[in-house]
Amino acid sequence: MTLLPPSQIPLKQTFAMLFVVISSMSCIMGYLIIREGNISVEQSNALINDLIHLQEQQIQNDGTKIVENLNNTSLQTIPYLKQEAKHQVDKAHSIALSLYQSLTPLLADKEIKSAIKESLRQIRFFEGRGYLFIDELDGTSVLLPPQPHLEGSSLFNQLDDQGKVHIQNIIQATQNKSKQGFYQYRWYEPNNTQEMQDKVSFMRQFEPYNWIIGTGDYIQRVEGDFQQNAINQLSSLKINKNSFFIIFNQDNQFIYQAQGLSNELIETLKEPSSVKKLISQIKLRNQTPNTNKTLEQASHTFSFVNQVDKWGWTVLGGYNNSDILFDAQSQLNMLKLNQQKSMQHLLIEFSLLSCLSLIITFGVALWLRKAFMSYHTHSQKQHELLLQNKTELELSARVFDSTSEGIMITDEFNQIITCNSSFCRITGYSKEEIIGLTPNTFASGLTDPDIYSDMWHALTTKGLWQGEVINQHKQGHLFPEWLSINVYKDKQGKAINYIGTIVDISKRKQAENTLQHLADYDSLTDLPNRRFFKEQVDHIIEIDKQRKPTEPINKFALLFLDLDYFKFINDSLGHSAGDKVLKIIASRLLEHKDKNTIISRLGGDEFVIVLQDIASEKAVKQFCFELMQNIEKPMNILGRSLIVTPSIGATLYPKDGNRTNILLKNADAALYRAKENGRNNVQFFTANLNRDALKRLSLENDLRRALNRNQFEIYYQPQVNLNTKQVIGCEALIRWHHPTKGFVSPIEFIPIAEETGIINEIGEWILFEACQQAANWCNEYGREIDIAINLSARQFDDTLVSTVLKALNQSQLPSHCLTLEITESILVQDPEQVIHTLTQLRQSSIKVALDDFGTGFSSLSYLKRFPLDKLKIDRAFVKDLPNNTDDGAIIASVLAVAKHFQLTTIAEGIENTDQEALLEALNCTQGQGYFYDKPLTAYAMAQRLRHGQHGKPSLIHHYDLV
């Protein structure tokens, strides 16, 4: 604030007050002069005329905008249709070419053509109307989704209503350099065989098979879509609130209105004759110039008419007369009201202005008083400011010396002039030793010289720099530090000081190294993880690709290793035992590691090994043999001696692939083959494995659709009482009738169904279907028929009991007629939960049978611990009877144990009289096998139940066998 001399302050106060009063009175007088006058009739008419002019101008602008939008849209029909048709054909051509290129090494031409045709058959566009067709260059139809019965036949007999042969013109359209083109013709619309419409199609040759791939749509249909879209878009246009617009088609039919219309006017416009008359009147009115606008006697005034040329539509625009009058009257009323109020408030405003003048005068006096007071306090504040600066300087010094970051300050020649205690602690030097030195004293010589060049460039241009350097402690050890430098310059821009801050980041670097190790290595085995392994192999392949042509190829083998039955170790001994096994396996793998070997754990029990510079495939086999021998050594886990065996799939670079992902995929396929061949062996990748994988994928895709397409059927194999030789029931067995592959064995598709989880839907369908069939037989033959149904381990969950009870209630089959067959693998999953579920089933009188007893992880403790009703002796022990005495002894022992536990026994695989007689002599209760019957259809099984009680098919009439 500028200090005034004391003698001038009263004079300035007087002038200020006079200025305020005079200004206030001048404002009041000007206000009184301005506020006067009345609103005349001419002004009122002029206001209405202006509103009408403004309204009609707005209608003209809005109407022109609507017509332009509709005209632009009408011109887009054919270009859009051609563009979209070409886009769809190009996309289909890409799909066909991709399938041709990927399947040519694997499948025959006939299969590839079928794959391409079926992949394009379901594609739809143009609101579902558009489809893709394929023709041969000789006019034969290959793909025609709307008329599949014409596929394979010639199209030269297909004529339009003008006698043109379409297929000839379609072929001609592609006979050019680009081998593609458009063709416009006439043909019947879907569901309308009475009248043909214009249609535009685009065709393109598919050279591998001399095909023509094409598609198209009807111009009228696309034009209708564009018209509807244009109508829908009109609702988004902003139109004046008093305006309205109406659109009529080429037949003067009312098709659209924007804004509200009276019901009387709408009824009038529904008559085409009235519309035609109205359009003529509007055109005549617009041709007559009239500068003075007046309101018409009708409730609406039409002031706009225009045509949409291509579609023949007419657009009318107008306004509501009552709305114009209402707006004009509202504005006149507002003007009159404002004039009255202004005169009434004049005196009040004058009083307020006078008060305001006094307040301003009083404010000026207060300001002058404060000016006087500032003289008194100014010197005192300056003194206090000096004291405060002294305190702040002392505080800054304490902060400088106590901060944990090291700080040094150098002069313009980069010599240290001061530093804090933290800098001494970090570098190991005392302050007396540091003063006068340069920062080069602490340099280790390991920092990249380019970093120092960048540092001085940044300090010169920007005045600051920060980065990481490696310095040397006084005692000689190295440490990384984060260095920040700021330049302090004088007013002329010359550097006079450099202020450096250092932080020892040794611990942070150690933490970063630890995190990097965790990111690259498996936490359990400390082997490289999947990501780090892939980076290593990618690097090896990239280096090999950059070699010179004269240099040898870096051949290497990739081994995919998986532990056999590892899941059972986790399920039976727990995951902690499984982790110990994985650690031991990892250590045994590392015993075979050298500089040319990479070993990694991908996850779970999957390991992968890369052998570089391999001599031959034989050397890889020898390595795998030695590796398997080492892994198979017994290991002590939780007081148990375990032997774990591996299965190995092997691929070779570059023979089996030139990318890491391809090598892993192929090794996985070889591993899958090793497991199929009994596990505990090594398999090398071959081209057939890819073909088998594709076949399996195809089978899986078909399997997902088989249930909905009713391709499954249940067959029933009779079960016979060995004492009475009567058929007492049957076992339900699923069969799949594939539409192209024919009969597919359950051995092929059941494992796939269990792996993918499809077995749950299939198993539930079998349960309901078989229970219903057994209930029908019980009612038809007046006696109880037992039905046995196999359960998969995937079905054994919390919903099993409720699902079984629902099937029984729905079919009305007595619960004691149902036997659920389970395998030993189910019993080891979660014993307590299995016991609970089996107990619930038996409480409902449902019988439980243990299938394939003696072939898996059989334990007599199962018979004691788990609630069972039946024991099924596997066919493996029956097939060599009566010649194999060992099998006979095993069966006798099993039957004796079953008798002790009061279990019903049933032998599978009985094929002759001698086997039946021996099992009967050993007191086996029931039997089934080809000696009695193969699995039968429901019809054949019904004949069996109707015509014969004896178990042998020779005593009954002929029926269907499978």
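Predicted model: local features only at pLDDT ≥ 70, side-chain atom pairs only at ≥ 80, totals over all residues.

Biologist: Why is α22 called roughly parallel to α23?

Modeller: Angles under 35 degrees count as roughly parallel. The axes cross at roughly 30°, so α22 is roughly parallel to α23. The crossing is right-handed, by the way.

Biologist: Which residues of α22 and α23 meet there?

Modeller: From α22, you have Glu 764, Leu 767, Phe 768, Cys 771, Gln 772 and Ala 775. On the α23 side they meet Thr 803, Val 804, Lys 806, Ala 807, Leu 808, Gln 810 and Ser 811. Sorted by class, that contact has seven nonpolar, four polar and two charged residues.

Biologist: Next, Gln 197 in strand β4 (residues 192-206). What makes Gln 197 count as buried?

Modeller: Buried means under 20% relative accessible area. Gln 197 has 13% relative accessibility, so it counts as buried. Beyond its neighbours within four places in sequence, Gln 197 touches Tyr 185, Arg 186, Trp 187, Glu 189, Tyr 218 and Gln 220.

Biologist: And how do you know that strand β13 (residues 478-489) pairs with β14?

Modeller: Pairing takes at least two bridges. Nine bridges join β13 to β14, and the two run antiparallel. They form a hairpin with five residues between them, and Gly 493 in the turn has a positive phi of about 85°.

Biologist: What makes strand β10 (residues 406-411) a partner of strand β14 (residues 495-504)?

Modeller: Six bridges join β10 to β14, again antiparallel, against a cut-off of at least two. Thr 410 stands opposite Tyr 498 in β14.

Key: Residues numbered from 1 in each chain as written. Heavy atoms only, no water. Axes fitted to C-alpha atoms, helices over the stretch in contact; angles between N-to-C directions. Helix = DSSP H or I, 4+ residues; strand = E, 2+ residues; numbered from the N terminus. Parallel < 35°, antiparallel > 145°, perpendicular 65-115°, else oblique. Left-handed = near helix turned anticlockwise from the far one by under 90°. Contact = heavy atoms within 4.5 Å. Nonpolar A, V, L, I, M, F, W, Y, C, P; charged D, E, K, R; others polar. Buried < 20%, exposed > 50% of the residue type's maximum accessible area, 1.4 Å probe, protein only.
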